[in-house]
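Here is a friendly note to read with the model open beside you. Take the points in order and find each residue as you go.

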Amino acid sequence: MIHVFRKGKDITKPTLVLFHGTGGNEQDLLPLAEMLSPDSSVLGIRGNVLENGMPRFFRRLAEGVFDEADLVFRTHEIKKFLDEASEKYGFDANNLVAVGYSNGANIAGSLLFHYKDIFRAAVLLHPMVPLRNVELPSLEGVSIFIGAGTNDPLITSTETQELEGILQKAGAEVTTHWGNQGHRLSMAEAEAAKDWLQGFSTSQNA
């Protein structure tokens, strides 16, 4: 997979795994990662699927309608890549935090739905429910930040609340930040994610 890896100043901090939105690339969320945890190592991944020339992490049949078979396939493909990248770059595969926006948040969510302990925490910005009617692994001990928009034209508040409930039922600790900037990633949302992640890191080190 096309990607970028930047080794951080503090290898005890979690490695941030970045998942861009539709049409983005492995560089898109680097400024956000720098803001969230400036001393962390960072792995930015480019989605392997193209939709009208725009990179995505999995195919969709229509807006908001996922190709579920492809989503599951790509989820396993990324898990395999993460294992290989951990060996190649020497970061701790047991100390990862996912940061995903839109389509990237959905693939990060699918990874959480499929693999126990894949991420210690996740920042999911404008995610949807990736899959329904699947049994999740235990997410006990996993902390998740959801950034959502009360006026998001692509994702209803009900969908966000459904995802929140599914993750909580699996044992995750979920914090949801509501903004009113539509589907856009706002500075207020990024600041809220930063404060949340710093609080998570402090509690882990206590």
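1. Which residue forms a salt bridge with E26, and how far apart are the closest N and O atoms? The partner is R46, and those atoms are 2.8 Å apart. A salt bridge here is a side-chain nitrogen of Lys or Arg within 4 Å of a carboxyl oxygen of Asp or Glu. Before going on, please note that this is a predicted model, where local features need pLDDT of at least 70 and side-chain atom pairs count only at pLDDT 80 or more, while totals for chains, interfaces and linings use all residues. Residues are numbered from 1 along each chain as its sequence is written, and side-chain values use heavy atoms, with hydrogens and water left out.

2. Now see where these two partners sit. R46 is in the loop between β3 (42–45) and β4 (49–51), and E26 is in the loop between β2 and α1, so the pair links distant parts of the chain, 20 residues apart (helices, H or I with at least four residues, and strands, E with at least two, are DSSP runs numbered from the N terminus). E26 counts as buried at 9% relative accessibility, whereas R46, at 27%, is partly exposed. Buried means under 20% relative accessible area, exposed over 50%, and partly exposed in between, with a 1.4 Å probe and protein chains only.

3. The count of salt bridges comes to 12. One of them joins K79 to D83, with the closest N and O atoms 2.9 Å apart. Both residues lie in helix α2, four residues apart, which is about one turn of the helix. D83 is partly exposed at 37% relative accessibility. Salt bridges with shared partners also join R59, D67, D70, R74 and E77 into one network.

4. Next, the aromatic rings: the structure holds six aromatic pairs. In one, F5 and F91 are stacked, at 5.6 Å centre to centre and 25 degrees between the planes. This pair links F5 in strand β1 (residues 3–6) with F91 in the loop between α2 (68–89) and β8 (96–101), 86 residues apart. Both F5 and F91 are buried. The rule is that rings of Phe, Tyr and Trp (its six-membered ring) pair if their centres lie within 6.5 Å; planes under 30 degrees apart count as stacked, over 60 as edge-to-face and the rest as tilted.

5. Why is the pair of F19 and F57 edge-to-face? Their ring centres are 5.5 Å apart and the planes stand at 70 degrees, so the pair falls in that class. F19 belongs to strand β2 (residues 15–19) and F57 to the loop between β5 (54–56) and β6 (60–62), so the pair ties together parts 38 residues apart in sequence. F19 is buried at 0% relative accessibility, and F57 is buried at 1%.

6. Finally, R60 is worth a look. This residue forms a salt bridge with E51, the closest N and O atoms being 2.8 Å apart, and R60 is partly exposed, with a relative accessible area of 26%.
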